[in-house]
Every structure is written in structure tokens, then in C-alpha cells.
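Here are some notes to read beside the model. Please keep the sequence and the 3D view open while going through the points.

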Amino acid sequence: MPNFEYKGIAGEGNKYTEGIIAAVNQDEAAFLLREKKIIITSLNLSKGQKVSKKKDGGFLNSDFITGKIKPKEIVLFTKKLSTMTRAGLQILDSLKMTSDQVENKKLKKIVNTIVLDLEGGTELSTCFQKHSKVFDNIYINMIKAGLASGKLDIFLEKLVGILEKREKIKSQIKSAMFYPIILISMAILITIFMLIQVVPTFENMYKSMNVELPVPTQMIISASQFVGGFGGLTTLIIIIIIFFLNSFLLRSSKGYKKFMDKFILRLPLFGNIILQSTIARIALIKANLFAAGVDVLEILDIAMNSTTNTVFINSIEKVKRGVFSGEDMSKLVEAEKVFPKTYSQLIAVGEKTGNLEEMFTSISNYYEEEFDNVVKNLSTMIEPIAIVIIGALIGILLVAMYLPIFKAGSAVTGM
């Protein structure tokens with residue numbers, strides 16, 4: 001069994017702890033540490049160790065299964081579970097009835113496993129925690145809070161809200177990116193088509209006429225020869241290599257990942273979309289976890305795991321260390337450039353009033369509205385800009401190719 005090196009915060013005194021724990025894989029190691037009430041800050045496989053690809057001896061828990069379950073299916077499952085518990089059904093009966101309605105076979109098997117574990121006397125949150133690749137930290141903590149408060153139906157309803165907003169934000173980002181990508185792709189394809197199919201026709205015509213070509217026409221013809229010849233193929237190969245190299249470096253190089261995450265946040269328009277959506281999601285998670293009575297350090301730890309952007313991860317990690325040392329969260333957030341001033345100011349108000357839950361809800365709503373406005377403005381702006389760019393590209397190509405004819409006509413008129 002492989003060993004994992006961990007660092008974390010343990011006990012009521014919130015003391016840093018570190019050590020080595022044996023587990024089948026990283027998920028099981030995390031599960032065992034949480035059972036010991038340790039808030040994980042770092043968990044890595046010890047050097048020279050290998051991890052078994054199976055978990056709990058289970059085909060049920062393999063990546064093959066969990067990788068095929070869509071987030072929308074988790075949302076639908078949770079919504080059905082929430083509806084049934086609100087109707088007054090016991091959680092075991094609700095899970096059994098929900099399992100019968102689940103269409104995804106892999107998710108159905110996982111839900112059935114949860115039912116069996118629950119019938120065997122395992123705590124509900126632990127039953128879900130065994131499938132941490134499907135049900136994340138937020139999911140588990142909301143269930144724990146519901147069980148601790150005796151208001152599982154209310155916390156399941158809140159959980160549905162979190163999951164739906166998360167999917168809404170993802171969907172809006174995709175739609176915001178999709179339109180410009182399609183338009184840019186169309187502009188590139190039209191340009192390539194004209195360079196390969198239209199420009200050579202004009203080139204042959206001017207050769208037969210033995211006409212002296214203006215500089216713009218010569219440049220377009222040179223571009224046509226480059227794209228239609230070996231240069232075009234070379235460029236395509238280079239683009240493919242860059243694409244795969246970028247994907248590899250994002251996975252393997254922390255320095256490169258950090259650089260790209262910073263670069264993405266600085267992109268005009270798109271960077272603001274990602275910034276607003278990430279802050280809205282983090283604030284929503286914090287609001288609900290504060291309401292659930294989760295420890296502030298664990299809330300920050302969960303918020304840190306809710307994004308893949310290293311800029312946000314590093315900033316939240318610094319805030320967490322400062323909070324652990326007894327500093328005010330608002331001042332720590334203010335020191336991090338990735339967070340807007342409004343964000344830290346609203347947290348400061350929450351600290352003064354003693355109602356961080358309500359304040360983080362307000363922050364989430366504020367930045368969600370800002371995010372919606374940015375997406376709407378982007379959609380409104382892109383269409384005319386794209387039409388102008390495509391029109392300008394086609395116009396430049398046509399004018400450049402017809403320029404020799406215009407010059408020849410002017411010369412004949414002048415005579």
C-alpha cells in the first residue's frame with residue numbers, strides 16, 4: 001500500500017501537523033485524514049511510491065465510472081433527493097426512490113452503493129465521501145451541516161442552488177467564448193479559402209496580361225503562395241505542436257500554469273468574465289458553508305479547491321495562513337491584487353456586523369450580476385466587431401486583387 005505525505009491543521013487548537021499516511025490512493029488518504037478531523041493543506045504521494053488504479057477494490061469507484069458522470073446529472077440527482085426529503089420522506093427512502101429514477105447506469109450503481117452503506121449503519125456524509133470524485137468537499141460539508149443541524153432538507157436545497165449556479169456560470173462562460181471562437185474561425189477559413197482558390201486565378205490572369213503589380217497585390221499573392229504551398233503545411237504543423245505542448249506544460253509545469261493563469265485573467269473582456277465568475281462562485285460557497293457552521297479555515301480550504309486558477313489558489317492560501325495567525329480576513333483579502341477592492345470592503349462590513357454569511361451572499365449576488373452584465377455586453381459588442389473584421393478582410397483582399405485593373409483603367413483614361 002503506498003504512503004502519502006500530508007500537511008494540515010488539526011484539533012481544536014488549530015495546530016499545524018504533518019506526517020505520512022498509508023492508503024490505496026489519494027482519495028482514500030484524504031478521506032482517512034478528514035476522519036481524523038485534519039484540514040488538509042497539502043497531500044502528495046511519497047517519492048518512489050505507486051498508486052493502485054482501483055479504489056476499495058471497486059469497479060464502482062474507478063475513474064472509468066466517475067469520469068462519465070456529467071455535472072448536470074449530479075444536479076438532477078440532488079434536486080430529486082432534495083424534493084423528496086422536503087416532502088417528509090426519510091433519507092434512506094429518498095435515496096432508494098431517487099436511484100430508481102437515475103438514468104445514468106454508473107451513477108445508479110454509486111447511489112445503490114450509498115444505500116447499502118447507509119443500511120449497514122454508515123453515516124450519510126461518510127457514504128457520500130467514499131465517492132469523492134463524484135461528490136466534492138462542498139457537497140459533503142453541506143450534508144454534514146444538514147445532519148448536524150437536523151435540517152438536511154434545507155441544506156440539500158441550498159446545495160441544489162450552489163450546483164445550479166455553478167453550472168449556470170460554466171454555461172455562460174462557454175456561450176460567451178463560443179460565439180467569438182466561431183466568428184474568428186469563420187474569418188480565418190474565409191481568408192484561407194480566398195488565398196488558396198480566388199487569388200491564384202487573379203495571379204494567372206495578371207501573368208498572361210504581363211501587368212506590373214502594385215505592392216499590396218504582390219503581398220497578397222505571396223501570402224497565397226505561402227498558404228497554398230509548403231509554408232501553409234508547416235504553419236499548421238507548428239500550430240498543432242504548440243497546442244499539444246501547451247496542454248502538456250499546463251499539466252506538468254507549475255511555473256507555466258501560473259504564467260498562463262495570470263495571462264488569462266489579464267485578457268481584455270474574457271479575463272474580466274473569468275474573474276467575475278470565479279469570485280461569485282467562491283463567495284457563494286463561503287456563504288453557504290458559513291451558514292452550515294463550517295470552520296473558517298476549512299471554508300477557505302474548500303474555496304481553494306473550487307477553482308483551478310493558481311492565482312486564486314495562491315491568494316486564498318495566503319489568506320488562510322493569515323486567518324490562522326489571527327489576522328482579519330478583509331485586510332488579508334485587500335492585500336491580494338486578484339481580488340477587487342469592493343470584495344475586501346464588503347467582507348470588512350461583514351466582519352464588523354458579525355454576519356459574514358449574509359455578506360458573502362450579497363457579494364455572490366453582486367458579482368453574479370456583474371458577470372451577467374459582462375457576458376451580455378460582450379455578446380452585444382462582438383457581433384458588430386466581427387462583421388467589421390470579416391468585411392475588412394474580404395475588402396482588403398478584393399481591393400488588392402482588383403488594384404492592377406483599376407490602375408490599368410486609369411492609365412487608359414489618362415491616354
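1. A residue counts as buried under 20% relative accessible area and as exposed over 50%, and what lies in between is called partly exposed. The model discussed here is predicted.

2. E164 has a relative accessible area of 33%, so this residue is partly exposed. E164 sits in helix α8. Setting aside residues up to four places away in sequence, E164 touches V75 and K79. From E164 to A386 there are 222 residues in sequence, and the C-alpha to C-alpha separation in space is 32 Å.

3. The largest nonpolar core has 42 residues. The members that touch the most other members are I273, F312, F339, Y343, I347, F360 and I363. Elements giving two or more residues to this core include α8 (152–209), α12 (270–291) and α17 (356–414). Helix α17 provides the largest share, eleven residues.

4. Which residues does I363 contact, leaving aside neighbours within four places in sequence? They are A283, Y343, L346 and I347.

5. There is also a second, separate core of 38 residues. Among its members are I110, F135, I285 and I299.

6. In soluble globular proteins, nonpolar side chains tend to be buried together.

Terms used: Residues are numbered from 1 along each chain as its sequence is written. This is a predicted model: local features need pLDDT of at least 70, side-chain atom pairs count only at pLDDT 80 or more; totals for chains, interfaces and linings use all residues. Side-chain values use heavy atoms; hydrogens and water are left out. A nonpolar core is a set of buried Ala, Val, Leu, Ile, Met, Phe, Trp, Tyr and Cys residues joined through side-chain atoms within 4.5 Å. Buried means under 20% relative accessible area, exposed over 50%, partly exposed in between (1.4 Å probe, protein chains only). Helices (H or I, at least four residues) and strands (E, at least two) are DSSP runs, numbered from the N terminus. Contact means heavy atoms within 4.5 Å.
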